[in-house]
Amino acid sequence: MKQKIGILCPSDSEAAPFLADMEGVTETRKAMLRFYEGTFHGVDVVTLFSGVCKVNAALATQILIDSYQAGAVLNVGTAGALAPGLSVFDTVIATEAGYHDVSPEILTEFHPWLPAPVFPSDARLLALARQAAARGEHPVVFGRMVTGETFLADEGRREAIRAAWHPLSVDMETAAVAHVCYVNQVPFLAVRTLTDTADQRGAACFEQNWVC
C-alpha cells in the first residue's frame, strides 16, 4: 500500500478545513473512528478526528500507522498558551512534546526508555515547517508542547507546569501522538493554533475561539 501522510485532529471542527479541501475522498471505519483517504493539494493523505484525550489520540495514531501505512503523522488542532507573550490565534509548532501529568521516570526508566522525558519532532518536517513559516505573515513560534488530561483552569497548576516544563502551549493529545510515532519510528510534527493566552482561563476561551 502506498504511504500517506496522516493528519490527526482531536475534533470534527479541527478536521473540517482539511476535509473540505480533499479530493477523491473515500471513507473507512475502524475502532469507531472514520478515516478519510484522498489527496490534499496533490499529497496522498488520510485524515480523521480522534476524539479528545491521550488514549483516543494514541489509538488513532497506531491505526494510521498499522492500517493506512502513514509515512508521517501531523497532529493539528488548537491549544492553550502557557508561555507569556503569545496571542490568541498564534500558531505553535512543536520541536518536542511531553506529558505534564506523567512522572518523567516512567518514560526514562521504562518503555520507551527515553534519554529525556520528551518526544522530539522529526527534523526534516521541522525544517520544512520553518521554511513555510518564514514565507508567511501569520505569527508562528517553535518550541515545546505539553499534554495532559484536563483544562488548566487552576492558576497554581499552570504556574507549576510552566516552572517544570517551560512549554509554549498545552493540549490533551500531542504527546500521545508523538509517543506512538516515536516507538514506531514514524516522523511526527504537531501544529496547534492558540485559543487563549497564558493569562486567561482555558475552558471558556477555548469555547469562544476554537471554531473561529
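This is a predicted model: local features need pLDDT of at least 70, side-chain atom pairs count only at pLDDT 80 or more; totals for chains, interfaces and linings use all residues.
## Overall build

The protein chain has 212 residues, and its radius of gyration is 16 Å. A compact globule with that number of residues would have a radius of gyration near 17 Å, so the value for the chain agrees with a compact globule. Along the principal axes, the C-alpha atoms fill a box of roughly 45 × 40 × 35 Å.

In secondary structure, the chain contains 7 helices and 10 strands. Counting contacts between residues at least 6 apart in sequence, 75% join residues that are at least 24 apart.

## Surface and charge

Of the 212 residues, 48% count as buried. The accessible surface of the chain comes to about 10200 Å², and carbon and sulfur atoms account for 57% of that surface.

The chain carries 15 positive and 24 negative charges. The mean position of the positive charges and that of the negative charges are 4 Å apart.

## The setting of His179

His179 lies in helix H6, which covers residues 174-184. The relative accessible area of His179 is 18%. Buried means under 20%, so His179 counts as buried.

Setting aside the neighbours within four places in sequence, His179 is in contact with Tyr99, Leu107, Pro112 and Phe119.

Methods
Residues are numbered from 1 along each chain as its sequence is written. Side-chain values use heavy atoms; hydrogens and water are left out. Helices (H or I, at least four residues) and strands (E, at least two) are DSSP runs, numbered from the N terminus. Buried means under 20% relative accessible area, exposed over 50%, partly exposed in between (1.4 Å probe, protein chains only). Contact means heavy atoms within 4.5 Å. The radius of gyration is taken over C-alpha atoms; the globule rule is 2.2 Å times the number of residues to the power 0.38. Accessible areas come from the Shrake-Rupley method with a 1.4 Å probe; for residues, only the protein chains shown count as cover. Lys and Arg count as positive and Asp and Glu as negative; His and the chain ends are not counted. The place of a charge is taken as NZ of Lys, CZ of Arg, CG of Asp or CD of Glu.
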